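Please read the briefing below with the sequence and the 3D view side by side, and look up each residue as it is named.

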Amino acid sequence: MAKRDYYEVLTVKRSATEIEIKSAYRSLAKEYHPDRNAGDKEAERRFKEVNEAYEVLKDPQKRAAYDQFGHAAFEGGMGGRGGPGFGPDFASSMSDIFDDLFGEFMGGRRGTQGRSRTAREAGADLRYNLEITLSEAYTGKTAQIRVPASVKCETCSGTGAKPGTKAKTCTTCGGMGKVRASQGFFTIERTCPHCQGRGEMIDDPCVDCAGSGRVQKERTLSVNIPAGVEDGTRIRLAGEGEAGLRGGAPGDLYIFLSIKPHEFFQRDGADIFCKVPISMTTAALGGQIDVPTLEGTTTRVKIPEGTESRKQFRLRGKGMPVLRAKVSGDMYIEVDVETPKNLTRKQRELLEEFERASHKETSPESAGFFSRVKEFFEGKSG
């Protein structure tokens with residue numbers, strides 16, 4: 001039985017493009033595929049005939065030979081065992097069929113989905129380091145930041161093509177963004193070298209973005225910093241990262257917070273610590289001191305008589321706010337008793353008189369310590 005013309009088999013004209021040939025092949029191969037026509041011998045014959053025709057017409061060199069010499073160009077087993085339809089590239093053809101068949105059965109054509117992903121690459125995420133004061137972390141604030149980044153080109157609306165034109169499907173990969181090459185029983189898939197995996201080509205690129213669909217621009221953004229943030233807190237601004245390539249989804253912007261050391265306060269979680277020096281007389285006689293707070297005001301703390309260094313006083317609720325909770329930590333005032341310096345003659349005389357009048361009850365710890373030392377050495381000598 002004489003072979004039918006390959007163009008007739010695929011129902012395309014001799015002037016058909018590679019894309020038209022591939023499209024016709026996929027449609028016919030799915031129609032006559034054995035999985036859809038179990039036990040149908042005629043469908044099986046047509047399926048082999050379609051594959052044989054596509055095997056020749058998809059290859060530019062084989063197609064040129066066929067156009068010039070017809071079927072005679074392949075007499076003698078050009079395609080290897082089994083004829084052109086079952087040569088080394090048959091696995092590649094079958095892979096296309098399985099992509100379409102099982103892609104449809106699983107809820108979508110994988111080729112089409114892959115094309116949209118590769119043509120429009122998502123933008124990169126960006127990082128911005130922001131330093132704030134401890135007082136700003138206490139109250140929260142809205143900060144204005146300037147971020148240099150790629151943004152969508154307004155001229156071409158992010159398509160990368162000159163206004164009035166649009167991207168075309170890559171003729172090398174048929175819009176898949178990848179090409180296949182068969183080696184024996186194996187099929188190797190690689191990124192299309194013509195479109196670099198995008199699946200599309202722009203013949204007339206936008207003059208402002210050179211076809212990328214994005215341009216460099218500095219933006220001013222508002223960042224809401226909640227009260228109670230800690231050093232190292234990360235704030236995410238969705239969609240404020242680098243613009244995607246050719247209309248792809250933008251990335252995100254991540255704000256990393258660092259808190260400057262404070263002159264008076266140290267932070268430990270939600271608690272605040274403040275070391276306050278007091279005079280020897282205030283520590284001995286007692287009194288009141290005014291200490292600063294993160295609110296920007298002062299609060300009065302009562303010092304009982306006989307207060308010693310490193311004594312802590314707790315101020316409830318005067319610490320840092322706790323994120324996502326309507327509570328605050330505490331503030332701790334630690335006193336440091338200061339020894340008098342640069343005494344006047346009168347002050348020295350008063351202290352000497354105080355020293356002569358002192359007894360064990362006024363300085364119990366020092367008196368007790370030296371008494372134990374004396375007893376220790378007397379016991380040694382005895």
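## Briefing on the predicted model

Met 280 is partly exposed, since its relative accessible area is 34%, and this residue lies in helix H8, which covers residues 280-285. Together with Leu 343 and Leu 351, Met 280 makes a nonpolar surface patch of about 200 Å². The structure is a predicted model, and the points below go from the protein as a whole to single residues and pairs.

**Confidence and overall make-up**

- The protein has an average pLDDT of 82, and 83% of the residues score at least 70.
- Over residues 76-118 the pLDDT stays under 50, and for this stretch the model has 78 contacts beyond four places in sequence.
- The protein contains 10 helices and 15 strands, and of its 382 residues 36% count as buried.
- Among the contacts between residues at least 6 apart in sequence, 64% join residues that are at least 24 apart.

- Arg 63, which is found in helix H4 (residues 60-69), is buried yet has no salt bridge, and the nearest side chain of opposite charge, that of Asp 67, is 4.2 Å away.
- Leaving aside residues up to four places away in sequence, Arg 63 touches Tyr 7, Arg 14, Ser 15, Ala 16, Ile 21, Val 56 and Leu 57.
- Asp 59 sits in the loop between helix H3 (41-57) and H4, and Asp 59 is partly exposed, with a relative accessible area of 22%.
- Although Asp 59 and Glu 18 are 41 residues apart in sequence, their C-alpha atoms are 9.0 Å apart in space.

**Salt bridges**

- Side chains of opposite charge can pair when their charged atoms come close.
- The count for this model comes to 21 salt bridges.
- Arg 45 and Glu 42 form one of them, at 2.7 Å from N to O, and both residues lie in helix H3, 3 residues apart, which is about one turn of the helix.
- Both partners are partly exposed, Arg 45 at 35% relative accessibility and Glu 42 at 42%.
- Arg 45 and Glu 42 also belong to a network of salt bridges that links them with Arg 4, Glu 8, Arg 46 and Glu 49.
- Glu 55 forms a salt bridge with Lys 62, with the closest N and O atoms 3.3 Å apart; Glu 55 counts as buried at 1% relative accessibility, and Lys 62 counts as buried at 19%.
- Lys 318 and Glu 295 meet in a salt bridge of 3.7 Å, N to O.
- This pair links distant parts of the chain, 23 residues apart, with Lys 318 in the loop between strands E14 (312-315) and E15 (331-338) and Glu 295 in the loop between strands E12 (287-292) and E13 (298-303).

**Residues in loops between strands**

- Most residues other than glycine have a negative phi.
- Ser 157, however, has a positive phi of about 60°, and Ser 157 is found in the loop between strand E2 (141-152) and strand E3 (168-169).
- Ala 210 likewise has a positive phi, near 60°; Ala 210 is placed in the loop between strand E6 (200-201) and strand E7 (214-225), and counts as exposed at 66% relative accessibility.
- Gly 232, in the loop between E7 and strand E8 (234-237), is 27 residues from Ile 259 in sequence and 8.2 Å from it in space, C-alpha to C-alpha.

Methods
Residues numbered from 1 in each chain as written. Predicted model: local features only at pLDDT ≥ 70, side-chain atom pairs only at ≥ 80, totals over all residues. Heavy atoms only, no water. pLDDT = per-residue confidence, 0-100. Contact = heavy atoms within 4.5 Å. Patch = residues over 30% accessible without salt bridge, like charges linked within 9 Å, V, L, I, M, F, W, Y side chains within 5 Å. Areas by Shrake-Rupley, 256 points an atom, 1.4 Å probe, with all protein chains shown as cover. Salt bridge = Lys/Arg side-chain N within 4 Å of Asp/Glu carboxyl O. Helix = DSSP H or I, 4+ residues; strand = E, 2+ residues; numbered from the N terminus. Buried < 20%, exposed > 50% of the residue type's maximum accessible area, 1.4 Å probe, protein only. Lys, Arg positive; Asp, Glu negative; His and termini not counted.
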